[in-house]
Amino acid sequence: MIRIYLIGYMGVGKTTVGKKLAQLFDIGFVDLDKFIENRYHKTVPEIFAERGEEEFRLIEQKALIEVSSIEDVVISTGGGTPCFFDNVGLMNETGITVYIHAEPDELAARLSASKNIRPVVAGKSGEELTAFIASHLKDREKFYNQAQIVYKTDRLITKDEIHLTVEGIAHEIKKLLK
């Protein structure tokens, strides 16, 4: 039985890497945000707007507890998931946690190029976006760094770069499993 949680800042590639990692290990894949959206028939930004962050975080925790019982799965979490209610502790107890790390300027470039508009960074661009991410990331890293594996990545643009990242993370997971 294997359960892998991918954590890290929004835009770092948790879903992209998670799907490929699940294929590589021949196990299931769950995107926690999509799991919540399917359950509530609303997007995460809609839930956030209607219910506020506090209630969203309670919904998210409940969903995390539910998916933490699934076996043979890669779970891609939301950027804030590890930062509330000792969720990172739950993930560490029930599986292998992997923090995918990228620098703020790389995250800003990815978020600027993304088709998904993230409410928390909407309206920010350039240096303002990079500074916001750097500050936000600094607050969150105390949670992210509790992961059992910290994997630094610079770019996830081409298929080759994604493949190298997935292979690198898989190698670290296999070392941990031995």
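## Ground rules

Contact here means heavy atoms within 4.5 Å. This is a predicted model, where local features need pLDDT of at least 70 and side-chain atom pairs count only at pLDDT 80 or more, while totals for chains, interfaces and linings use all residues. Residues are numbered from 1 along each chain as its sequence is written, and side-chain values use heavy atoms, with hydrogens and water left out.

## Helix 3 against helix 4

Helices are DSSP runs (H or I, at least four residues), numbered from the N terminus. Q61, L64 and I65 of helix 3 touch N87, L90 and M91 of helix 4.

## Helix 5 against helix 6

What angle do the axes of helix 5 and helix 6 cross at? Roughly 120°, with the axes coming within 9 Å; helix 5 and helix 6 are therefore oblique to each other. On the helix 5 side, the contact uses P104, D105, L107, A108, L111 and S112, and helix 6 brings L129, T130, I133, A134 and L137.

## The core

The largest nonpolar core has 50 residues, and I4, L21, V98 and I173 have the most contacts inside it. Such a core is a set of buried Ala, Val, Leu, Ile, Met, Phe, Trp, Tyr and Cys residues joined through side-chain atoms within 4.5 Å, buried being under 20% relative accessible area with a 1.4 Å probe, protein chains only.

Definitions and conventions. Helix = DSSP H or I, 4+ residues; strand = E, 2+ residues; numbered from the N terminus. Axes fitted to C-alpha atoms, helices over the stretch in contact; angles between N-to-C directions. Parallel < 35°, antiparallel > 145°, perpendicular 65-115°, else oblique.
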